[in-house]
Each structure stands twice: as structure tokens, then as C-alpha cells.
Amino acid sequence: MTIAPVSVPRYREEHDAAFGPAMIEHRTAESGLSQLGSYFMAFQSDELSDPWTVLYEETIYVIEGRARIVVLEEGGEHTVTGEVGDLIVLPKGSTVRYGATAGTRLLLSISPVNWRDAEA
């Protein structure tokens, strides 16, 4: 295994992507990390994303604002909210809708970052 050098990856706008009511910045896209991915998520509106099933483990740290994660389960749904400083944990296989108040910023970390390759 090649060890990635210790670095501060440069921000590159081409790694940004819209995700429902938010924009996501993939900050570790060119870092060389093989297992961990880190992203900033910024909400432009109070709406919810479409349902998403996480195929990785994910943590969400609330930097500013208020996060709202609607967890969809057989037989219903429930909402988990996070305030500044809270850490929300999403186990692999969770189906959720991401939401937050406009202006909310989150730090997301996922593992493995190459989950799409594993599913192919």
C-alpha cells in the first residue's frame, strides 16, 4: 500500500456537486486517501434532499446552523436534529433525507471513500 503524504489538499471547485438543497465540496478528492473522505456541505434552503441510502459509514459534524436528518425506516420515519458542535452518526445501510436551515454548514466524513467502486 502506498502511503499518502501528509498534506493540506487544495480546494478545487470542480469537485463540488449539488445535492438537493445543498452544495457539497469533496475536500479529500486529490489527497491520496484510500479509505476516508471528507466533505463540506452547505445548505442554500430549508428543503430536504431526496431519499439516499448510505453505502458507507458516515459522521456529520454541525459547524454552524441546525441539521435535520430524516431517517426512513420500515413502518415510518423519525428525525434526528443536530446543533452546532453535535456529531450525527449514520450507520451503513441507513436511508435518510438530509436537511438543514439555510446557511447551515456541515463536515461529513465517510468510509470507505471508494464505496462506488466496491458496489460495481
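Trainee: In which loop is the place of proline 112?

Mentor: Keep in mind that this is a predicted model. The peptide bond that leads from serine 111 into proline 112 is cis, with omega near 0°, whereas most peptide bonds are trans. As for its place, proline 112 lies in the loop between β10 and α1 (115–119).

Trainee: Is serine 109 buried or exposed?

Mentor: Serine 109 is found in strand β10, and, leaving aside residues up to four places away in sequence, serine 109 touches Leu36, Gly37, Ser38, Glu57, Glu58 and Thr59. The cut-off for a buried residue is under 20% relative accessible area. Because serine 109 has 19% relative accessibility, it counts as buried.

Trainee: Which residues of the largest nonpolar core touch the most other members?

Mentor: This core has 23 residues. The elements that give two or more residues to it are β2 (22–26), β3 (37–43), β5 (57–64), β6 (67–73), β8 (87–90), β9 (95–100) and β10 (105–111). The members that touch the most others are Met41, Phe43, Ile60, Ile69, Leu90, Tyr98 and Leu106.

Trainee: What is the bridge partner of leucine 72 in β7?

Mentor: Strands β6 and β7 (residues 76–82) run antiparallel and are joined by seven bridges. They form a hairpin with two residues between them, and glycine 75 in the turn has a positive phi of about 90°. Within β7, the bridge partner of leucine 72 is glutamate 77.

Trainee: Which element gives the largest share of the lining of the largest pocket?

Mentor: The largest pocket holds about 400 Å³ of space, and of the 17 residues that line it, the closest to its centre are Ile24, Tyr39, Trp52, Trp115 and Arg116. Two or more lining residues come from each of β1 (16–19), β2, β3, β10 and α1. By class, the lining has 13 nonpolar, two polar and two charged residues. The largest share, three residues, comes from β1.

Trainee: How many charged residues are in the lining of the largest cavity?

Mentor: The count comes to one cavity of 30 Å³ or more, and the space in the largest cavity is about 50 Å³. Its lining is made up of Pro9, Arg10, Tyr11, Arg12, His15, His26, Arg27, Thr28, Ala29 and Glu30. By class, three of the lining residues are nonpolar, three are polar, and the number that are charged is four.

Methods:
Residues numbered from 1 in each chain as written. Predicted model: local features only at pLDDT ≥ 70, side-chain atom pairs only at ≥ 80, totals over all residues. Heavy atoms only, no water. Core = buried A, V, L, I, M, F, W, Y, C linked by side-chain atoms within 4.5 Å. Buried < 20%, exposed > 50% of the residue type's maximum accessible area, 1.4 Å probe, protein only. Helix = DSSP H or I, 4+ residues; strand = E, 2+ residues; numbered from the N terminus. Contact = heavy atoms within 4.5 Å. Pairing = 2+ DSSP bridges. 1 Å grid on protein atoms, 1.4 Å probe; cavity = no way out; pocket = protein on both sides within 12 Å on 5 of 7 lines; lining within 4 Å. Points joined across faces, edges and corners; volume = space filled by probe spheres on them. Nonpolar A, V, L, I, M, F, W, Y, C, P; charged D, E, K, R; others polar.
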